[in-house]
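Please walk me through a few local features of this model, with the cut-offs behind each term.

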Amino acid sequence: MAFEYESKTPADVLVYTTDPVMHKRVVILTLAADIACGDVINPTTGAAYVAADGDNCAVVLDNVPKGDARSVVISDTGCIFNPAGLVIAGANTVAVAAYAALVKQGNRIAAANIPQTSI
C-alpha cells in the first residue's frame, strides 16, 4: 500500500520483465515538468503521451525533476505493465492508444492490478 508521500517504484509499474537489464533504456531529455515513475510519455519530447504521438510511447521508470539534459530511465521491450501503476494523461482514447503503442513495441498490459511476482 502506498502512502501519500511515497513515490512509485518500478515494482509498482512492472509485473514482469523478460530480461532484468534490457527491459529499460536511458534517454536524455529537456523536461518542462517533473515526471514520475509510471508516467506514460513521448520519449522524444518528454511530454505526456497524447494519441497523436502514435507509436512514440514509453513508461518512465524513475522520478526526474524538470530541467535541461535530464537522464530518464524508460521502458524498452519485454515488459508486462500493471495498468494501475501507469499514469496516462487525458481521456480513455489516449489510454487505448498508449496501450496499443506499448504492445506494438513488444510489451504487454496485465489484465488487472496484480501483485508483483518477478522483476
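S75 touches H23, K24, R25, A58, V59, L61, F81 and L102, leaving aside residues up to four places away in sequence; contact means heavy atoms within 4.5 Å. S75 belongs to strand 5 (residues 67-75), where strands (E, at least two residues) are DSSP runs numbered from the N terminus. Because its relative accessibility is 1%, S75 counts as buried, a term for under 20% relative accessible area with a 1.4 Å probe and protein chains only.

This is a predicted model, in which local features need pLDDT of at least 70 and side-chain atom pairs count only at pLDDT 80 or more, while totals for chains, interfaces and linings use all residues. Residues are numbered from 1 along each chain as its sequence is written, and side-chain values use heavy atoms, without hydrogens and water.

An open sheet of three strands has the order 1-6-7 with mixed pairing. Strand 1 (14-17) and strand 7 (108-109) are at the edges with a single partner strand each, so one side of each has no neighbour in the sheet. Strands pair if DSSP finds at least two bridges between them. Strand 6 (residues 79-81) and strand 7 run parallel and are joined by two bridges. In this pairing, I80 of the model stands opposite R108 in strand 7.

Definitions and conventions. Helices (H or I, at least four residues) and strands (E, at least two) are DSSP runs, numbered from the N terminus. Buried means under 20% relative accessible area, exposed over 50%, partly exposed in between (1.4 Å probe, protein chains only).
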